[in-house]
Amino acid sequence: MIICAGNNEHFSFATPMGVGLIEMSINLTRLCLMNPPEYLLFVGTAGSYGNAKVFDIIESKTASNIELCFLQKGCYTPLDNVITTNTQEKKDIIVNSSNYITTNKQLSENFLQFGIGIENMEFFAFLSVAKEFNIPAGGVFCVTNYTNENAHKEFITNHAKAKEILNLHVKKRLEELTS
């Protein structure tokens, strides 16, 4: 089953589950309790911490939930804040999730030191639910912007094209799998 966030991020082949960590957790848990899918694929857009370029496609099975205060040494968590469904030795680009979009370029570059390359609001919650229900899962993202002071403006400018690129990429991959 293919999942997307929703709101302005819809795809004809995906079921929307909600924006942010909480909506995704609640709605995907409900779906998995009522009718568990055999697999889950998340499709969405992401911001780059610096290495990935706008309109790059990133595939990953690893997510983190690291807030900016952690990078500033202003907080800690007793929770495991990295999750993966990767069962191969392939190194994933880690996708960070927060209910906030990073707009501080200097801080965002610090994520790269931890192997974290992009951010998407829902992916950590998505993988957490999939792992809890033992459902194989992963994500496909198209980069819309860099995480800097222009993040929102770049996102708005590039969002429609990024969705087109994702649409074509996912449809091509589905054709490869079925042929």
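Trainee: Which element gives the largest share of the lining of the largest pocket?
Mentor: H5 does, with five residues. Helices (H or I, at least four residues) and strands (E, at least two) are DSSP runs, numbered from the N terminus.

Trainee: What kind of model is this?
Mentor: This is a predicted model, where local features need pLDDT of at least 70 and side-chain atom pairs count only at pLDDT 80 or more, while totals for chains, interfaces and linings use all residues. Residues are numbered from 1 along each chain as its sequence is written, and side-chain values use heavy atoms, with hydrogens and water left out.

Trainee: Back to the pocket. What counts as one?
Mentor: Work on a 1 Å grid over the protein atoms alone. A pocket is an open set of points with protein on both sides within 12 Å along at least five of seven lines, whereas a cavity is a set where a 1.4 Å probe fits but cannot get out. Lining residues have an atom within 4 Å of a point.

Trainee: How much space lies in the largest pocket?
Mentor: About 610 Å³. Volume here is the space filled by probe spheres set on the points, with grid points joined across faces, edges and corners.

Trainee: Which residues lie nearest its centre?
Mentor: Leu 41, Lys 61, Ala 137, Gly 138 and Arg 173, out of 28 lining residues. At least two lining residues each come from strand S3 (40-48), strand S4 (57-60), helix H4 (123-132), strand S9 (137-146) and helix H5 (151-178).

Trainee: How does that lining split by class?
Mentor: It has 12 nonpolar, 10 polar and six charged residues. Ala, Val, Leu, Ile, Met, Phe, Trp, Tyr, Cys and Pro count as nonpolar; Asp, Glu, Lys and Arg count as charged; the others, Gly among them, are polar.

Trainee: And the second largest pocket, how much space is there?
Mentor: About 400 Å³. S3, S9 and H5 are the elements that give two or more residues to its lining. The lining has 20 residues, and those nearest the centre are Glu 9, Thr 45, Ile 101, Met 121 and Phe 155.

Trainee: S9 turns up again. Is S9 largely enclosed or open, and why?
Mentor: Nine of its 10 residues are buried, so S9 is largely enclosed by the rest of the structure. Buried means under 20% relative accessible area, exposed over 50%, and partly exposed in between (1.4 Å probe, protein chains only).

Trainee: Does S9 pair with S3 in the parallel or antiparallel sense?
Mentor: Parallel, over nine bridges. Two strands pair if DSSP finds at least two bridges between them. Gly 44 has Phe 141 in S9 as its bridge partner. S4 and S9 pair in the antiparallel sense over four bridges, and Glu 59 has Val 140 as its partner in S9.

Trainee: New topic. How many residues are in the largest nonpolar core?
Mentor: It has 27, and Leu 28, Leu 40 and Phe 126 have the most contacts inside it. H4 gives the largest share of this core, seven residues. A nonpolar core is a set of buried Ala, Val, Leu, Ile, Met, Phe, Trp, Tyr and Cys residues joined through side-chain atoms within 4.5 Å.

Trainee: What does Phe 126 touch?
Mentor: Leaving out residues up to four places away in sequence, Phe 126 touches Ile 3, Met 24, Leu 28, Leu 40, Leu 41, Phe 42, Ala 137 and Gly 138. Contact means heavy atoms within 4.5 Å.

Trainee: Last one. Is Asn 81 buried or exposed?
Mentor: Buried, with a relative accessible area of 18%. Asn 81 lies in the loop between helix H2 (68-71) and strand S6 (82-84).
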